[in-house]
Amino acid sequence: MFNKYYCLSFLIFSFSLLVTRSGFAQLAMLSKGDAAPVFTARASLAGSGFDFSLKDALAKGPVVVYFYPSAYTGGCDAEAHAFAELKDKFTAAGATIIGVSADDIQRLNKFSSDPNYCAGKFPVASDADGKIAASYGLTMSPGKLGIKDALGQDLTHGFIPRTTFVIGKDGKIVAVFSSNTDHISPTDHVDKSLAIVKGL
């Protein structure tokens, strides 16, 4: 009887360890050489909603997928403005830009058309539940009460860490950089992305 329970306990422990390890593996941020998970998401361009498809974008050339914490916050505003300013150079290199955050589509409609930020130059997508971020190995931190954006509105959604993935036309990640691990500024993400797509 003891051996029976011992074996059962060992099997349960082994299975739980396997599941735990799998969970950790899924949370590891994707890196250079990994296949980029394709996704579709509700996005906004110049204030108009549409369904963005990474697969369709990759059919045209490389794609810069940049995750950012929230529209209408200091670093994110600067980053969006820099991408908008250099959009023609990304286009000349054959690259598509897509910003991804946990903002809802209503906020993104405003942000995408704001002349001070996205300025209608490139789309931003909503990942409200963090599933797209998770597929890239990014963990969304929960929203906190009392945090307001630059417009004075409460920010109740979660925050995805500022991370940029440059994806080649073949669907493989060619570069990754994160403000958390690489300690670079929001606008550095833009400059580094442009330098990389120009070299593809």
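**Overview**

I began with the secondary structure of the protein chain, which comes to eight helices and seven strands; helices (H or I, at least four residues) and strands (E, at least two) are DSSP runs, numbered from the N terminus. This is a predicted model, in which local features need pLDDT of at least 70 and side-chain atom pairs count only at pLDDT 80 or more, while totals for chains, interfaces and linings use all residues. Residues are numbered from 1 along each chain as its sequence is written, and side-chain values use heavy atoms, with hydrogens and water left out.

Next I checked burial: 44% of the 200 residues in the protein chain are buried (under 20% relative accessible area; exposed is over 50%, partly exposed in between, with a 1.4 Å probe and protein chains only). I also looked at contacts (heavy atoms within 4.5 Å). Among those between residues at least 6 apart in sequence, 69% join residues at least 24 apart.

**Helix 3 and helix 8**

How do helix 3 and helix 8 cross? I found that the axes of helix 3 (residues 74–85) and helix 8 (residues 186–198) come within 7 Å and cross at roughly 25°. Axes here are lines fitted to C-alpha atoms, for helices over the stretch in contact, and angles run from 0 to 180 degrees between N-to-C directions. That makes helix 3 roughly parallel to helix 8 (angles under 35 degrees; over 145 is roughly antiparallel, 65 to 115 roughly perpendicular and the rest oblique).

From helix 3, I noted Gly-75, Ala-78, Glu-79, Ala-82 and Phe-83 in the contact, and from helix 8, Pro-186, Thr-187, His-189, Val-190 and Ser-193.

**The cores**

I then turned to the largest nonpolar core, which has 28 residues. A nonpolar core is a set of buried Ala, Val, Leu, Ile, Met, Phe, Trp, Tyr and Cys residues joined through side-chain atoms within 4.5 Å. Tyr-66, Phe-83, Phe-90, Phe-111 and Phe-122 touch the most other members. Strand 3 (63–67), helix 3, helix 5 (105–113), strand 7 (173–178) and helix 8 each supply at least two residues of this core. Its largest share, five residues, comes from helix 3. Apart from this core lies another, of 23 residues, among them Leu-30, Phe-39, Val-63 and Val-65.

Is Thr-163 buried or exposed? I read 1% relative accessibility, so Thr-163 counts as buried. Thr-163 is found in strand 6. Leaving out residues up to four places away in sequence, Thr-163 touches residues including Tyr-66, Leu-138, Val-176 and His-189.

Gly-143 sits in the loop between helix 6 (131–135) and strand 6 (163–167) and is partly exposed, with a relative accessible area of 33%. Its C-alpha atom is separated by 6.6 Å from that of Phe-159, 16 residues apart along the chain. Not counting residues up to four places away in sequence, Gly-143 touches Thr-156, His-157, Gly-158 and Phe-159.

**Two positive phi values**

Most residues other than glycine have a negative phi. I flagged Ala-46, where phi is near 55°. Ala-46 is in the loop between strand 1 (40–45) and strand 2 (48–53) and is partly exposed, at 43% relative accessible area.

I flagged Ala-119 too, with phi near 55°. Ala-119 lies in the loop between helix 5 and strand 5 (124–126), and its relative accessible area of 27% makes Ala-119 partly exposed.
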